[in-house]
Amino acid sequence: MIGADLLPGPSQTPFAMTRRGPTRGRVGARRIAAILAVTLAALLARAAGAQASELRAEPATLVFSQAGEAQVVRVVNEGLAPVVLEPVRVGHVTGGAPGLPSFSVSRPPKPVLGPGESTEFRVVFSPGRGDAEARQVFAALQLGAEGGGPGRPGGAALGVALRAGDQSKRLSWIVFFPLLGIPLLWLVPRRAPSWTRLVALGATGVPLALTLRMVQLFDRHAGAAGALRGLQFVERAVWIRSLHVEYFLAVDGLSVSLVLLTALVTFLAVLASFSLDANDRSRGYFALLLLLETGMLGVFTALDFFLFYVFWEVMLLPMYFLVGIWGGPRRIYAAIKFFLYTLFGSVLMLLGILALYFASQGTTLADGTFAPHSFDMIKLAYGQAFTQAPPLLGFAFTKLVWVLFFIGFAVKVPVVPLHTWLPDAHVEAPTAISVILAGVLLKMGGYGLLRVNWAILPDATRWAADAVSWLGVVGIVYGALCAMAQADLKKMVAYSSVSHMGYCLLGLGALTEAGLVGAIVQMVSHGLITSMLFLCVGVLYDRTHERDKNAFGGVAGVMPRYAFFFGFAFMASLGLPGLSGFVGEFLVFTGSFPLRTVAATLAAAALVLTAAYHLDALGRIQLGAFRDRWRSALVGHDLSLREVLSLLPLAALVLWLGVHPAPLLDLVKGGVHDLLGLLGGDPTKLAGPVP
Amino acid sequence: MNGVGASPALELGRLAPEAFLLLGALGAFVAAASRDIRSRRRVAMGVVGGAVAASFAATCFLASSTRVPAVLFSGVIVVDGWVTFVRLLATGGLAVTLLASLGSAEVPQTDDGDDAMAEYLGLLATATASSSLMAAATDILTVVLAIELASLPSYLLVALRRRWPSSQEAALKYVVYGSVATGVALFGFSWLYGAARATALGDLGRAFTTAPLVAAVGAGLVLAGLAFKLAVVPLHMWCPDAYDAAPLPVTMFLSLVPKAGALLLLGRFVSALGSPVVTAVVAGLGALSMTWGNLAALAQTRVRRLLAYSAIAHAGTLLLAFVATGEATATALVAYLAAYVFMNLGAFVAVQSFADLGAETLADYRGLAKRAPGAAAALTVALVSLTGLPPLAGFVGKFTLFSALLGSRDHGLLPAQVPIALVTLAVLNTVVALAYYARVVKALYFEAEGDAEDKRELAPSALRVEEGPMRARAGAAGPRRITRLALLTLLSVGSLVLGVAPSPLLGWAATWFVGSSPLPVTTGVSSHGTEGARSSWAVSPVAHPKDLLRDEPPAR
């Protein structure tokens with residue numbers, strides 16, 4: 001057979017060849033390649049044959065664009081036995097309520113399909129009241145099959161996905177656009193390595209522009225009462241059928257502001273990376289940065305637990321390499337510590353995901369097929385009763401799962417006993433990566449707590465809320481004290497992050513609208529402010545390769561522009577009214593004071609510590625006598641245009657949100673309102689006036 | 001196939017893939033008798049290569065002609081979806097091994113009178129055939145035969161580097177321990193036979209009702225023998241030595257092909273017995289193996305030994321699959337093993353590239369990402385996949401395995417807490433695994449050549465391999481480099497594709513093993529009081545060959 005064809009006769013052996021000539025190997029390789037091609041083709045043919053199922057629908061997805069539009073589905077029985085089509089119905093994947101957009105389906109002309117026969121259904125799209133939620137409607141035509149082969153459950157044997165509205169796939173473009181830049185990086189000619197920066201700038205700039213447009217289109221009044229539970233720009237499709245995993249992206253009030261923050265901070269981080277040497281390795285640097293951005297944006301938009309976990313882990317590896325290769329002297333230690341800590345947290349999260357999945361009720365996937373359990377984070381939050389689940393290993397189910405998730409997210413936030421990776425990673429990472437670490441990565445922890453612990457396990461959240469508030473206070477005070485003790489400027493900023501994320505926890509633990517809104521605002525504003533702080537420290541370090549705050553003095557005299565931004569960032573960070581840091585902290589205090597009076601009071605008192613270390617560092621560096629040893633490094637080297645460009649948008653946003661926080665509050669409020677509904681709190685208790 | 005109509009011939013036809021491989025092996029051995037080194041190598045390559053292709057094609061043909069399990073030779077052999085899977089996996093593994101051997105400096109292909117290429121190829125083909133026979137065996141007789149047929153070539157393959165003392169030492173250890181293990185398994189089978197008075201695997205479960213103590217002893221002895229073949233703690237000690245001393249293509253072959261067969265055999269055995277005690281022992285072995293394997297890997301300095309311990313840990317994780325029951329188990333085993341093909345072979349092929357540069361220890365690996373960026377990237381992908389991080393294949397394997405365990409926690413033979421505890425342990429093991437995989441990546445990317453930061457690397461390792469004459473030939477020639485690079489790309493991309501789009505594979509597994517088969521796929525032992533052991537992938541060995549005709553699906 002094949003072997004015989006390829007068997008060379010002894011007479012064909014070219015004896016004239018040298019014994020070790022390369023030709024021999026090439027002939028062998030070619031022969032093997034031929035064999036491989038034959039076998040691969042056979043395998044593909046085999047795989048194609050195995051896919052045949054008994055009932056088939058054409059097409060598998062119907063997309064409707066206008067009201068009253070009708071489309072036809074053709075169903076063929078390809079099996080060997082007659083199939084009874086019963087029941088036939090339209091299931092709403094994203095919920096469904098009277099008055100909202102819906103689909104209707106005609107009765108089947110032939111309820112029994114013999115082998116080889118086919119029948120057709122008409123599906124009509126009727127728009128509802130035409131509100132903003134009609135932008136995306138997902139439903140599924142479900143065909144039950146009886147009399148099919150064994151192993152088929154009665155009902156929901158086949159589904160046809162029905163979609164209407166906006167099919168722009170905006171979120172997919174935002175999340176995956178950075179990946180498109182990676183192959184482009186390798187197309188940059190070797191002679192011009194600096195072009196890699198421009199490619200990276202483009203690959204992060206486009207998602208930023210798309211995100212800005214998305215925020216503009218975002219409907220601030222869509223709520224959980226609607227068909228889509230307040231979700232917007234929904235995209236869903238079945239990804240891995242046998243595991244019941246969907247590709248499910250959407251944003252709501254909890255996530256939209258963080259998506260914007262991510263896109264902005266990453267773009268500015270690329271701008272800040274221009275100070276790196278442009279060499280061959282910068283391709284790798286920017287490729288990892290772009291992969292990181294996809295991971296981060298994915299975490300904030302994925303609403304299928306499996307997908308969420310994939311994005312969560314995808315972000316780990318680039319960060320490991322970015323810190324480990326381009327970091328400071330202790331980069332290897334910091335990188336491995338970061339990796340191990342985060343992986344430890346995320347495997348606990350994986351256990352939690354599996355536990356929730358197996359305790360969840362059945363659901364309908366995006367194409368109408370039935371799944372016995374659900375990974376849908378929205379379905380898990382609405383209408384699942386995990387309080388009834390049997391205890392796990394002797395612990396109450398919801399409490400154990402809550403703790404698993406909490407540890408997973410607390411590593412990222414970081415909550416104080418689990419924070420030790422943070423100062424190492426932040427200090428050793430290059431400036432741009434510190435900016436991303438502090439500006440975005442920490443927010444993933446806070447977001448995860450809101451999306452998973454608070455929304456899916458509200459009763460356990462109420463059980464633990466007090467402890468969360470106190471952990472927040474511990475973080476605020478301990479972080480501030482540690483920051484005070486640091487001579488290394490970058491380490492001080494790192495600990496200030498620990499302290500500031502403590503305010504988020506305090507707000508989260510309050511379980512009031514002001515507290516939760518405050519926590520999200522604090523996350524966004526801390527993302528902006530701490531990015532400025534790291535950029536400012538980076539500016540000084542780039543010029544002097546020194547980060548000890550005691551080594552400087554009088555910098556304001558020689559670098560006035562720098563002194564302005566430095567002072568601005570420090571004032572914002574210590575919570576000066578009129579800047580965004582104050583808004584978040586104020587909301588957190590007002591939200592937590594009525595219920596957690598002692599904790600809130602302690603946290604407010606710790607503001608004195610915050611002010612102390614900020615003002616101390618500011619004074620030592622900017623004021624006093626100028627040190628002569630920095631004369632060549634600093635004099636005449638005030639901020640360049642690029643540095644101003646990377647700081648200016650942040651400063652403008654910090655000021656704008658400080659003076660006029662309403663747009664951000666509007667974005668966030670809808671999501672928080674729905675969350676409070678889940679938590680059973682009183683949404684009307686919006687404490688205090690908004691500044 | 002040849003002689004349609006005659007029943008014994010038809011039955012033999014179902015074993016065509018193995019027959020082709022064994023014929024190829026015979027051809028290679030005959031070719032080895034030739035005096036002309038060059039022609040015998042060419043003939044052996046051609047014959048074995050052809051046999052692999054023919055075996056692959058026959059597997060595909062047989063699998064597409066019917067999905068019904070075929071019970072052959074009065075029930076001593078069964079050819080079902082599992083056998084097909086192991087055949088595909090084994091021939092795929094063999095193909096990769098052959099391609100990797102082309103450029104290997106360690107496979108004896110010198111012309112200083114030491115050429116064993118033809119024998120090498122013949123042994124590989126024999127071991128591949130016996131691997132799928134192990135998966136197909138359903139009777140004590142065929143089981144023992146298949147184990148022996150797999151073991152003997154493995155011993156010889158490890159001993160292949162005749163001039164390397166360490167190779168001889170490892171092979172001797174392997175032979176002595178291995179023969180004892182086979183003997184122990186055989187001894188155990190005789191106890192089981194004595195209690196059950198039957199040689200069919202499906203009937204052995206009876207022993208637990210007639211003579212529980214005898215059955216337990218017998219089952220324990222058989223498990224010990226099989227655990228040795230699988231290199232599961234505490235019977236793993238041959239494995240790091242053998243993996244370290246054997247030529248790398250042999251190592252990658254041993255870590256995959258015979259293991260897959262032995263794993264399926266163990267699975268059939270455990271599920272046929274259907275005894276909670278046996279299942280608990282398997283679970284314990286799995287837990288011990290993954291934990292100890294991972295912890296021991298932390299201490300390794302030679303990358304080959306590190307991968308050997310990683311293989312021990314993965315074998316332990318795979319054993320956990322037999323604690324689960326139901327359809328998800330089949331899917332999990334298929335997903336995990338398929339992922340393992342790509343990540344494990346990928347790691348070994350990459351390590352081969354580094355071995356060509358003379359790098360063996362973690363200290364040698366420092367900064368090599370600059371000198372061999374392709375191999376470093378492929379090794380990173382393979383190791384990340386082995387860790388089980390998304391979006392690579394290893395994550396899908398682990399995830400399906402964990403969800404199979406948790407999903408069947410209430411229907412298994414063991415209390416529901418056991419699967420939960422096992423999953424928790426496995427998940428925590430991931431973190432330990434990351435710690436040592438990350439050390440390899442760290443050495444490759446973060447450190448510069450000549451860094452001497454880690455003093456431990458300088459300590460003498462347990463087994464120093466002399467830097468034989470192979471080092472002189474470092475660096476593969478052009479076409480071989482391209483073959484190597486193509487292999488690495490194939491395996492890395494395979495790992496990624498399987499991780500991002502596992503749906504076809506998982507869907508394939510689901511239709512294959514639980515699809516529209518008219519035969520009830522349960523064990524034949526439920527009448528013996530072990531109804532708990534319903535498993536989708538054990539077989540009914542009692543069907544008569546006459547039933548074969550009825551098994552054929554009606555013509556369309």
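Reader: How should I read the accessibility of Asp638(A), as buried or exposed?

Author: The general idea is a relative accessible area, where buried means under 20%, exposed over 50% and partly exposed in between, taken with a 1.4 Å probe and protein chains only. Asp638(A) has a relative accessible area of 14%, so it counts as buried. The model is predicted, so local features need pLDDT of at least 70 and side-chain atom pairs count only at pLDDT 80 or more, while totals for chains, interfaces and linings use all residues. Residues are numbered from 1 along each chain as its sequence is written, chains are lettered from A and ligands numbered from 1 in the order in which they are written, and side-chain values use heavy atoms, with hydrogens and water left out.

Reader: With which residue does Asp638(A) form a salt bridge?

Author: A salt bridge here is a side-chain nitrogen of Lys or Arg within 4 Å of a carboxyl oxygen of Asp or Glu. Asp638(A) is bridged to Arg561(A), with the closest N and O atoms 3.5 Å apart. Asp638(A) belongs to the loop between helix H22 (631-634) and helix H23 (641-659) of chain A, and Arg561(A) to helix H18 (residues 560-573) of that chain, so the pair ties together parts that are 77 residues apart in sequence. Helices are DSSP runs (H or I, at least four residues), numbered from the N terminus. Arg561(A), at 46% relative accessibility, is partly exposed.

Reader: At what angle do H9(A) and helix H19 (residues 417-446) of chain B pack?

Author: Two packed helices are described by the angle between their axes and the distance between the axes. Axes are lines fitted to C-alpha atoms, for helices over the stretch in contact, and angles run from 0 to 180 degrees between N-to-C directions. For H9(A) and H19(B) the angle is about 155 degrees, with the axes 10 Å apart. The two helices are therefore roughly antiparallel (over 145 degrees; under 35 is roughly parallel, 65 to 115 roughly perpendicular and the rest oblique). Their contact (heavy atoms within 4.5 Å) involves residues including Phe339(A), Leu343(A) and Leu350(A) of H9(A), and Val427(B), Leu434(B) and Phe446(B) of H19(B).

Reader: What angle and axis distance describe helix H3 (residues 37-65) and helix H5 (residues 117-136) of chain B?

Author: H3(B) and H5(B) pack at about 15 degrees, with their axes 8 Å apart. That angle makes H3(B) roughly parallel to H5(B). Among the residues that meet are Arg40(B), Ala44(B) and Val48(B) in H3(B) and Met117(B), Leu121(B) and Ala125(B) in H5(B).

Reader: How many of the 15 residues of H17(B) are buried?

Author: In H17(B), 11 of the 15 residues are buried, so this helix is largely enclosed by the rest of the structure. The buried residues include Ala375(B), Leu379(B), Leu383(B) and Thr387(B). After H17(B) comes Gly388(B), whose phi is positive, near 100 degrees.
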